[in-house]
Amino acid sequence: MSTFYAMPGNAAFARQLARAGGQACGAVQVHPFPDGETMVRIEPVPATPAAIVVCTLDHPDAKVVPLLMAAATLRELGATRVGLVAPYLAYMRQDQRFEPGQAVSARIFARLLSGAFDWLVTVDPHLHRIHRMSEVYTLEARVVHAAPRIAAWIAANVEQPLIVGPDGESAQWVGDVARRLDAPFVVSTKERYGDRDVRIRLPGIAQWKAHTPVLVDDIVSSGRTMVENLKALTVQMARKPVCIGVHGIFAQDALDRLHAAGAERIVTCNTIPGSHAQIDVAADVAAAAYALCGDAAPQAVQPEDTKA
Ligand code: R5P
């Protein structure tokens, strides 16, 4: 038996996971003190040996200290195996020292989480120069792939899709999604000159002019990668593009920019809650989490509002 514990903002997703296997669901309460420190409280105190903390890790810096305290407190209170479900896993993009003196955050973050948890389930982490989680994580990690759910969403919602990868790194999931749909796909090339300065080159797409372009990327953060692709696509294609991200961070004015650049529709997986999170991956995450904690295979996961 296990108990799921939702960090703030993760209650709906945690409940979906707990219900899938008939397990209990509690919460990690985080109280901010006036001095900027926080008090973490586990509710209820664990009555099962296995505890699973659910915490998506967008905007990670404010979440990490309470998360590490929660893991340690669960152990002090009797949990013997503590897992982490982080549908979005932060810091995977800073995977090398691009300039002298920079931190390789992916490795440091992996060490922090590996020291606190026994296992981790996440959805499509940004594996680029790091090819496998085990290259940086020493805990047991399981990766859930969103491609089947994304392909099913496109099949149900988009007529005659042309799948477009907005940069070389997206080729891995774009190819997977396109093959599942038996749809054509192309991949742009991208050069990034700064956080919000991106240039792309779209390959020839004239033969698919009548298709609906569907951009698929893992992360939509500043939105600039999608925006530059949208600009190129709207000039060349007859139909307005659809944007799909596995993880919708939508930093600052990203959504406004995406709409202004011509996005017909913007949809993400529910790895980060929000109104665009319409592709439900909870069943796949539940299957992976239950396999790692040794509990019975989950039932079908009931979708619910993930804004909690
Ligand atoms: C990077 O390589 C990722 O796959 C995404 O393309 C990138 O993180 C998107 O970032 P932004 O929305 O800031 O352009």
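Asp176 is partly exposed in this predicted model, with a relative accessible area of 23%. Its salt-bridge partner is Arg180, and their closest N and O atoms are 2.7 Å apart. Arg180 is also partly exposed, at 47%. Both residues sit in helix H5, four residues apart, about one turn of the helix.

**Salt bridges**

The count comes to 13 salt bridges. Three of them are tabulated here.

| Pair | Closest N to O distance |
|---|---|
| Arg180 and Asp176 | 2.7 Å |
| Asp95 and Arg129 | 2.8 Å |

Asp167 and Lys190 link distant parts of the chain, 23 residues apart. Asp167 lies in the loop between strand S8 (161–165) and helix H5 (171–181), and Lys190 in strand S10. Asp167 has 5% relative accessibility, so it counts as buried. Lys190 is partly exposed, at 24%.

Asp95 pairs with Arg129. Asp95 belongs to the loop between strand S5 (81–86) and helix H3 (105–116), Arg129 to the loop between strand S6 (119–123) and strand S7 (140–144), so the bridge ties together parts 34 residues apart in sequence. Asp95 is buried at 8% relative accessibility. Arg129 is partly exposed at 36%.

**The largest pocket**

The largest pocket has a volume of about 1300 Å³. Its lining has 40 residues, and the closest to the centre are Arg93, Gln94, Arg192, Asp195 and Ser221. Strand S10 (189–194), strand S12 (212–220) and helix H6 (224–236) each give two or more residues to the lining. By class, the lining has 14 nonpolar, 12 polar and 14 charged residues. Domain 1 (2–145 + 281–293) and domain 2 (147–279) each supply at least three lining residues.

Terms used: Residues are numbered from 1 along each chain as its sequence is written. This is a predicted model: local features need pLDDT of at least 70, side-chain atom pairs count only at pLDDT 80 or more; totals for chains, interfaces and linings use all residues. Side-chain values use heavy atoms; hydrogens and water are left out. On a 1 Å grid over the protein atoms alone, a cavity is a set of points where a 1.4 Å probe fits but cannot get out, and a pocket is an open set with protein on both sides within 12 Å along at least five of seven lines; lining residues have an atom within 4 Å of a point. Grid points are joined across faces, edges and corners, and a volume is the space filled by probe spheres set on the points. Ala, Val, Leu, Ile, Met, Phe, Trp, Tyr, Cys and Pro count as nonpolar, Asp, Glu, Lys and Arg as charged, and the others, Gly among them, as polar. Domain bounds come from an automatic or database domain assignment. A salt bridge is a side-chain nitrogen of Lys or Arg within 4 Å of a carboxyl oxygen of Asp or Glu. Buried means under 20% relative accessible area, exposed over 50%, partly exposed in between (1.4 Å probe, protein chains only).
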